[in-house]
Amino acid sequence: MYSKILVPVDGSPTSELGLAEAIRLAKLCNARLHLLHVVDMLSFNAYPNAGVGLTPEVFDLLHQGGQQILVKARARVEAAGLPVETQLAEGFAQRVADVVVDAATKCGAQLIVLGTHGRRGVGRALLGSDAEMIVRQAPVPVLLLRSPAA
């Protein structure tokens, strides 16, 4: 069925839902998981007057945080007895959704599994929807898991 599943992770409870479901699917399909964390630099560039600049220190903190998220997620997948690979990507000039779609193509994923907040209306308009963009652009099927709090 699926031999490689891409799972974007950001350490949030919603992301954890996606990872849990991807682990269940991978066990059923005997698939490998490809975990992806995107360091979102575009957000810093989009809001330069927000009071937080992208200094070398902030850049390093974002990378370290991303690595920690990947280490924790990798340990969870390995504890389930599944093969796993990790990728830390940077979104300098691309939205997170674009980076995810590119990664799916490059790693040969046959499915993308991710959590979504399920925002609607003004919340979605103001914050955007990376999940929606991924669904629209992905070259492979996308499984969205909606947060129970949504």
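**Exercise 1. Find out whether Cys 29 is buried or exposed, and how many disulfides the structure holds.**

Step 1. Start with the cut-offs: buried means under 20% relative accessible area, exposed means over 50%, and partly exposed lies in between (1.4 Å probe, protein chains only).

Step 2. Cys 29 has a relative accessible area of 17%, so this cysteine is buried. Cys 107 also counts as buried, because its relative accessibility is 13%.

Step 3. Now look for a disulfide, which is a pair of cysteine sulfur atoms within 2.5 Å. Searching the whole structure turns up zero disulfides.

A word on the model before going on: it is predicted, local features need pLDDT of at least 70, side-chain atom pairs count only at pLDDT 80 or more, and totals for chains, interfaces and linings use all residues. Residues are numbered from 1 along each chain as its sequence is written, and side-chain values use heavy atoms, with hydrogens and water left out.

**Exercise 2. Describe the overall layout of the protein.**

Step 1. Count the elements, taking helices (H or I, at least four residues) and strands (E, at least two) as DSSP runs numbered from the N terminus. There are six helices and five strands.

Step 2. Turn to burial and surface. Of the 150 residues in the protein, 40% are buried. The accessible surface is about 8200 Å², and carbon and sulfur atoms account for 55% of that; these areas come from the Shrake-Rupley method with a 1.4 Å probe, and for residues only the protein chains shown count as cover.

Step 3. Check how the chain folds back on itself, with contact meaning heavy atoms within 4.5 Å. Among contacts between residues at least 6 apart in sequence, 78% join residues at least 24 apart.

**Exercise 3. Work out which elements helix H1 packs against, and what follows the helix.**

Step 1. H1 has 17 residues and spans 24 Å from its first C-alpha to its last, close to the expected 24 Å. That expected span is 1.5 Å times one less than the number of residues.

Step 2. Pick out the buried residues of H1; among them are Leu 19, Ala 22, Leu 25 and Cys 29. The buried residues of this helix pack against E1, E2, H3, E4 and strand E5 (142–146).

Step 3. Asn 30 comes after H1 and sits in the loop between H1 and E2. Its phi is positive, near 55°, in a residue other than glycine. For background, most residues other than glycine have a negative phi. Asn 30 counts as exposed because its relative accessibility is 68%.

**Exercise 4. Identify the residues that touch the most other members of the largest nonpolar core.**

Step 1. A nonpolar core is a set of buried Ala, Val, Leu, Ile, Met, Phe, Trp, Tyr and Cys residues joined through side-chain atoms within 4.5 Å.

Step 2. The largest has 21 residues, and those touching the most other members are Ile 5, Val 7, Leu 19, Leu 33, Leu 35, Val 77 and Val 113. Two or more residues come from each of strand E1 (4–8), helix H1 (13–29), E2, H3 and strand E4 (111–116). H1 gives the most, with six.

Step 3. A second, separate core has 18 residues, including Val 38, Ala 104, Ile 112 and Ile 134.
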